[in-house]
Amino acid sequence: MPSSGYQFDRGRNRVRIGALLLALGVGASGPPVARAGDVTALQKLQCGDCHRLTPPAAGERTLERYAARKGPDLFYAGSKFRPEWLRAWLVRPTPIRPAGLHPAERTRTSATGDTLAGGDPPAHPPVPKGRVDAVVQALEGLDWGRDRLAGGPGARPAVPRALAELNFVKFKGCGSCHRTAKDVPPRSGPDLFDAFARLRPEFLTSYIADPQAWDPVAPMPGYALDAVEVAKLVEYLRLLSEDRP
Amino acid sequence: MTRRHADVAAAVLAAAVLAASPARAAGDDGAALAYRTYCTPCHGLASNGKGINVPAMAVQPRDHTDTREMATRSD
């Protein structure tokens, strides 16, 4: 479960401590520990077949590459995901994008309007429990864009739940593409009812403020929101996380 | 105008072209892919304003195949 506030860096501290222990030779006789940035664990599971693990050159980040992807880019997974969420999700994956990575591929047209064909998108293969710690540690080392997280989300705004929802769904229009509850029809964007448990708050802040800084061809529009407006949206996602059992 | 806005503007223009002449879908300069990626979730694969996100929207997306309506829009 997410922490109640915005401070979260225990996982990152574990990586730092692990790296320090390795540097000091501690644990050399124990089980092998993946060092941050070591993608061996990911290569063993062939994650690179579907996910980009190394940053493409700026000129490579085209719409054609985006449309040809089999899975989301992971070269900034360490900047993006909460490690404890990764640890749980990788063992028992569930769909995050109800319309799939490329919604148009699964869309069918009818006289009454477009619908999605084929139910849930294909499930991500589960990672064996014995490997998940090494995988998470490897993902934590993929930290492209970490410099964009500097400063963090700042103070949490005091915004009533009803107003936060109205702002998110209607004023900013986020509800057009993102679900904030599971029991409604799928939409084109990733589900957000568990976004605060899934994503680092500082990443949410940075991504909402400027999605194209993370991916130049990302479908999510950048509205040039100021810090206060971004914080209100992050706060709504935090409030949503309190709905979960 | 940002690059993405330019892509979207180009894509909307492409939609009008494609609606008028579907045979021109091949050989475009990437506008059709931009339209498919950015516009179809709301405006629909058939560009008729009936995309998969419509049930969640407060405003009906514009029907890009409605030439009379689109003629009222600036380039």
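The expected span of a helix is 1.5 Å times one less than its number of residues. Keep that rule at hand for this predicted model.

**Stop 1: helix H7 of chain A**

Select residues 129-140 of chain A, which form helix H7. H7(A) has twelve residues, so at 1.5 Å a residue it should span 16 Å.

Now colour H7(A) by burial. Which residues of H7(A) are buried? They are Ala134(A), Val135(A), Val136(A), Gln137(A), Ala138(A), Leu139(A) and Glu140(A).

**Stop 2**

Two packed helices are described by the angle between their axes and the distance between the axes. Angles over 145 degrees would count as roughly antiparallel.

From H5(A), select Pro83(A), Leu86(A), Arg87(A), Leu90(A) and Val91(A). They meet Lys129(A), Val132(A), Val135(A), Val136(A), Leu139(A) and Glu140(A) of H7(A). By class, this contact of H5(A) with H7(A) has eight nonpolar and three charged residues, with no polar ones. Val135(A), Val136(A), Leu139(A) and Glu140(A) take part in this contact, and these four are also among the buried residues of H7(A).

**Stop 3: H8 against H12**

Hide that pair. Select residues 161-171 for helix H8 and 227-241 for helix H12, both in chain A. How do their axes lie, and at what angle do they cross? They come within 9 Å and cross at roughly 120°. An angle of 65 to 115 degrees would count as roughly perpendicular. H8(A) and H12(A) are therefore oblique to each other. This crossing is left-handed.

On the H8(A) side, pick Arg161(A), Ala164(A), Glu165(A), Asn167(A) and Phe168(A). On the H12(A) side, pick Lys232(A), Leu233(A), Glu235(A), Tyr236(A) and Leu239(A). The residues of this contact divide into five nonpolar, one polar and four charged.

**Stop 4: all of chain A**

Zoom out and show chain A as a cartoon. Twelve helices and two strands make up its elements. Read from the N terminus, they run α-α-α-α-α-α-β-β-α-α-α-α-α-α. Chain A has 245 residues, and 32% of them count as buried. Look at the contacts with a separation of 6 or more: residues 24 or more positions apart account for 70% of them.

**Stop 5: Trp214 of chain A**

Select residues 211-214 of chain A, helix H11, and centre on Trp214(A). Is Trp214(A) buried or partly exposed? Trp214(A) has 19 other C-beta atoms within 10 Å, so it is partly exposed; a residue is buried if that count is 20 or more.

Leave aside the neighbours within four places in sequence. Trp214(A) is then in contact with Tyr76(A), Gly145(A) and Tyr207(A). For a reach across the chain, draw a line to Arg108(A). Trp214(A) and Arg108(A) are 106 residues apart along the chain, and their C-alpha atoms are separated by 30 Å.

**Stop 6: chain B**

Switch to chain B. Chain B has three helices and zero strands, so to read it from the N terminus, follow α-α-α. Of its 75 residues, 36% count as buried. Among its contacts between residues at least 6 apart in sequence, 27% join residues at least 24 apart.

**Stop 7: where the chains meet**

Show both chains. The contact takes 21 residues from chain A and 22 residues from chain B. On the chain A side, the elements that give two or more residues are helix H3 (63-68), helix H6 (103-106) and strand E2 (115-116). H3(A) gives the largest share of that side, three residues. By class, the chain A side has nine nonpolar, eight polar and four charged residues.

**Stop 8: Leu116 of chain A**

Finish on strand E2 of chain A and select Leu116(A). With 20 other C-beta atoms within 10 Å, Leu116(A) is buried. Which residues does Leu116(A) contact, leaving aside neighbours within four places in sequence? They are Ala99(A), Arg106(A), Thr107(A), Pro186(A) and, from chain B, Ile52(B). Last, pick Pro103(A). It lies 13 residues from Leu116(A) along the chain, and the two C-alpha atoms are separated by 8.0 Å.

Definitions and conventions:
Residues numbered from 1 in each chain as written. Chains lettered and ligands numbered in written order. Predicted model: local features only at pLDDT ≥ 70, side-chain atom pairs only at ≥ 80, totals over all residues. Buried ≥ 20, exposed ≤ 12 C-beta atoms within 10 Å, placed from the backbone. Contact = placed C-beta atoms within 7 Å. Nonpolar A, V, L, I, M, F, W, Y, C, P; charged D, E, K, R; others polar. Axes fitted to C-alpha atoms, helices over the stretch in contact; angles between N-to-C directions. Parallel < 35°, antiparallel > 145°, perpendicular 65-115°, else oblique. Left-handed = near helix turned anticlockwise from the far one by under 90°.
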